[in-house]
Every structure is written in C-alpha cells, then in structure tokens.
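The sequence and structure come first.

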Amino acid sequence: MLTNLTTATAFATAAQGLLINGGTEPGYTATAFALNALDNQTSLFNFRGDAIKNFIIFTDEPSNGDTVARGTVSGSAVTLTTVDSLLTNANALFNAVLSGTSTNTSYSSLATNHSGAVFALSGLNTTDQTVVQQFVTTFANAKLQETLDFCDLNPNDPACQGGTVPEPASLGLLGLGLFGLAAIRRRRDAGLLQAAA
C-alpha cells in the first residue's frame, strides 16, 4: 500500500516491513492491483507519464487464492492470461525472483513475455554477504539493461524521451530494498534457530 518511495530511507523502511510468511499469495491479483486495474479500484499508485513501469515479484509460492473476493478484472477473478494482457496494455516490464518449480511455472512466462527475467530467490536466502552482493549487482545491472533495451525497442515511448532513463539513484533504492529483504530473512532464520534450541 506504499507509493512514491523516492528516498533511500523510505525504500529501506518499506523493505524492513515486508513479511516472510503468510497464507495465500494471490500474485496475479496483486499485479493487477499494482497496475490500478482491479474493478472499482481507487488508484493508489502514481505513475509519472514518462515512467517505465517495471514490476518485480519476490515469492516462493505460485499465485494462489486469486478469487473474486480478492478482486476482479471485467467481473472475473484475475488469471495468468488477465495479467499478461494488463502488462501488455501498460507496456510494462515484469520480473520475477522465485523459488520452486511450481512458482516458476506460475510466473516465468510473464517475465519472458514482458522483457524481464527470472532470478533465483536463493540469492537472497543466505547470510553470505558475498552471495547477496553478487545477486544485487547482477539484478541491478539486468534492470538497467532492460530499461535501455525497452527504449531501443520503444524510442517514441514518453519514458524514453529527453534523458528520462532512470538515474543510478533509482538502482540504489532497489539495492537497499534487496539488502533489506536479505536482512529480514537472516533475522527470521536466527529466530527459528533460537526457537529450535
């Protein structure tokens, strides 16, 4: 429910508040929500007219619980096909940081169909800072390259006019968020070890 995270501090605070467990994970509905595309939804996310929309999902579960009760598009529950169409209409990029075969099956086609990539969540599920740093660097470089490629393919898109390609600070915000996710995972794992002892 957060929007306009324009500073490193705001992004890091939001990342620290992410949950590491839960019940159902309706990722398709969440993506439609992030696009302000659910029926009768009040727009919560402000996208500049010159922004490149680049959605990134982090999960170890396939999309599940995408029911009418959670939200609809054109009166129906949100499906993979629905999300694929919404991303196409928004000319948006989609990336996935995943773990598990069924999770990859659930999301990988969205990434490949929308100029994105699939990354292994295990790159953040470690206390080895070298592994985390390598993941963050690889991930940030891939995001920058996607944006450059997007503008090569869509030179007339408003996001590609007049030097509006994201500044390095935007990638810094992404890196801080990824480090925050790794810190949350380490805290949780430490807590589980203490409980087991």
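Helices here are DSSP runs of H or I with at least four residues, strands are runs of E with at least two, and both are numbered from the N terminus. On that basis the protein chain has six helices and five strands. The model is predicted.

**Overall fold**

- Starting at the N terminus, the order of elements in the protein chain is α-α-β-β-β-α-β-α-β-α-α.
- The protein chain has 197 residues, and buried residues account for 36% of them.
- Of the contacts between residues at least 6 apart in sequence, 69% link residues at least 24 apart.

**Helix 2**

- Helix 2 spans residues 27-34, and six of its eight residues are buried, so that the helix is mostly covered under the cut-off of 20% relative accessible area.
- Those buried residues are Gly 27, Tyr 28, Thr 29, Thr 31, Ala 32 and Ala 34.
- The elements they pack against are strand 1 (54-59), strand 2 (72-73), helix 3, strand 4 and helix 4.
- After helix 2 comes Asn 36, which has a positive phi near 60°.

**Helix 2 against helix 3**

- The axes of helix 2 and helix 3 cross at roughly 25° and come within 9 Å.
- The crossing angle is under 35 degrees, which means that helix 2 is roughly parallel to helix 3.
- Helix 2 passes helix 3 in a left-handed crossing.
- Helix 2 contributes Tyr 28, Thr 31 and Ala 32 to the contact, while helix 3 contributes Leu 80, Val 83, Leu 86 and Leu 87.
- Sorted by class, this contact of helix 2 with helix 3 has six nonpolar residues, one polar residue and no charged residues.

**Helix 3 against helix 4**

- Helix 3 (residues 80-89) packs on helix 4 (residues 101-113) at an angle of about 20°, and their axes are 11 Å apart.
- Helix 3 and helix 4 are therefore roughly parallel to each other as well.
- The crossing of helix 3 past helix 4 is right-handed.
- On the helix 3 side the contact uses Leu 80, Val 83, Asp 84 and Leu 87; on the helix 4 side it uses Ser 106, Ser 109, Leu 110 and Asn 113.
- By class, the contact of helix 3 with helix 4 has four nonpolar, three polar and one charged residues.
- Residues three or four places apart in an α-helix point the same way, because there are 3.6 residues a turn.

**His 114**

- His 114 sits in the loop that connects helix 4 to strand 5 (118-120).
- Its relative accessible area is 5%, so His 114 counts as buried.
- A polar contact of 2.7 Å joins the side chain of His 114 to the side chain of Asp 84; Asp 84 is also part of the contact between helix 3 and helix 4.
- Leaving aside residues up to four places away in sequence, His 114 touches Asp 84, Leu 87, Thr 88, Ala 92, Leu 93 and Phe 94.

**Asn 95**

- Asn 95 belongs to strand 4 (residues 93-98).
- Asn 95 is buried because its relative accessibility is 0%.
- The side chains of Asn 95 and Asn 54 make a polar contact at 2.7 Å.
- Beyond four places in sequence, Asn 95 touches residues including Asn 54, Phe 55, Ile 56 and Ile 57.
- Also touched by Asn 95 are Ala 111, Gly 116, Ala 117, Phe 119, Lys 143 and Glu 146.

Note on methods
Residues are numbered from 1 along each chain as its sequence is written. This is a predicted model: local features need pLDDT of at least 70, side-chain atom pairs count only at pLDDT 80 or more; totals for chains, interfaces and linings use all residues. Side-chain values use heavy atoms; hydrogens and water are left out. Axes are lines fitted to C-alpha atoms, for helices over the stretch in contact, and angles run from 0 to 180 degrees between N-to-C directions. Angles under 35 degrees count as roughly parallel, over 145 as roughly antiparallel, 65 to 115 as roughly perpendicular and the rest as oblique. A crossing is left-handed if the near helix is turned anticlockwise from the far one by less than a right angle, and right-handed if clockwise. Contact means heavy atoms within 4.5 Å. Ala, Val, Leu, Ile, Met, Phe, Trp, Tyr, Cys and Pro count as nonpolar, Asp, Glu, Lys and Arg as charged, and the others, Gly among them, as polar. Buried means under 20% relative accessible area, exposed over 50%, partly exposed in between (1.4 Å probe, protein chains only). A polar contact is a pair of N or O atoms within 3.5 Å; within protein, one must be able to donate a hydrogen and the other to accept it, and residues adjacent in sequence count only if both atoms are side-chain atoms.
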